[in-house]
Amino acid sequence: MKCKCGNIISNIVFPCSTEGSIISQQNEEVLEREFVTEVKAFLSAVSSGRRDKWLVAKFGKDYPKDLSDADIILDLYTTTSDRYKLSIAECEKCGRIWIQETIGKNRYCSFSPDQGGYTGLLSRNRQGNSSRSPKLKGIEQSDAPKP
Ligand SMILES: [Zn+2]
């Protein structure tokens with residue numbers, strides 16, 4: 001994405017320190033309820049011996065069957081939350097914040113900080129260590145640059 005200052009905001013590396021998401025309290029409440037419902041359905045399928053059938057019905061026949069239950073629950077969270085969150089990006093040159101206008105659409109509106117300049121708003125509020133290694137979006141882990 002090209003920022004108004006001329007900088008190109010890149011999001012090809014994941015996780016990225018200048019990319020993120022926001023969610024309204026209303027959507028967060030719906031997301032939490034929907035996620036819990038999905039997890040309950042999955043755990044019910046596991047306990048009743050329908051795990052593989054449930055995975056095919058939920059994610060399609062190409063979804064890997066050898067994932068741990070924890071990995072599947074994480075996928076449930078990701079697929080559910082993606083329907084409720086807006087993407088945001090922070091320009092590393094001018095500090096402008098770009099917020100996705102509509103979920104699923106590639107249109108963004110921008111907000112410029114009153115104090116001016118890049119402050120690393122997203123990266124300085126990072127908590128803990130990411131369990132995910134940085135990787136290029138859509139490219140296998142082994143092809144990604146080492147951190
Ligand atoms: Zn900018």
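The chain contains four helices and six strands. The model is a predicted one.

**Whole chain**
- The chain has 147 residues, of which 9% count as buried.
- Taking contacts between residues at least 6 apart in sequence, 58% connect residues at least 24 apart.

**Pairing around strand β3**
- Strand β3 covers residues 86-90 and runs antiparallel to strand β2, residues 19-22, with four bridges joining the two.

**The β3-β4 hairpin**
- Six residues lie between β3 and β4, and the two strands form a hairpin.
- The turn includes Gly95, whose phi is positive at about 85°.

**Thr79 in helix α3**
- Helix α3 spans residues 69-81 and includes Thr79.
- Thr79 counts as partly exposed because it has 13 C-beta neighbours inside 10 Å, whereas a buried residue needs 20 or more and an exposed one has 12 or fewer.
- Phe35 is 44 residues from Thr79 in sequence, yet the C-alpha to C-alpha distance between Thr79 and Phe35 is 9.3 Å.

Terms used
Residues numbered from 1 in each chain as written. Predicted model: local features only at pLDDT ≥ 70, side-chain atom pairs only at ≥ 80, totals over all residues. Pairing = 2+ DSSP bridges. Contact = placed C-beta atoms within 7 Å.
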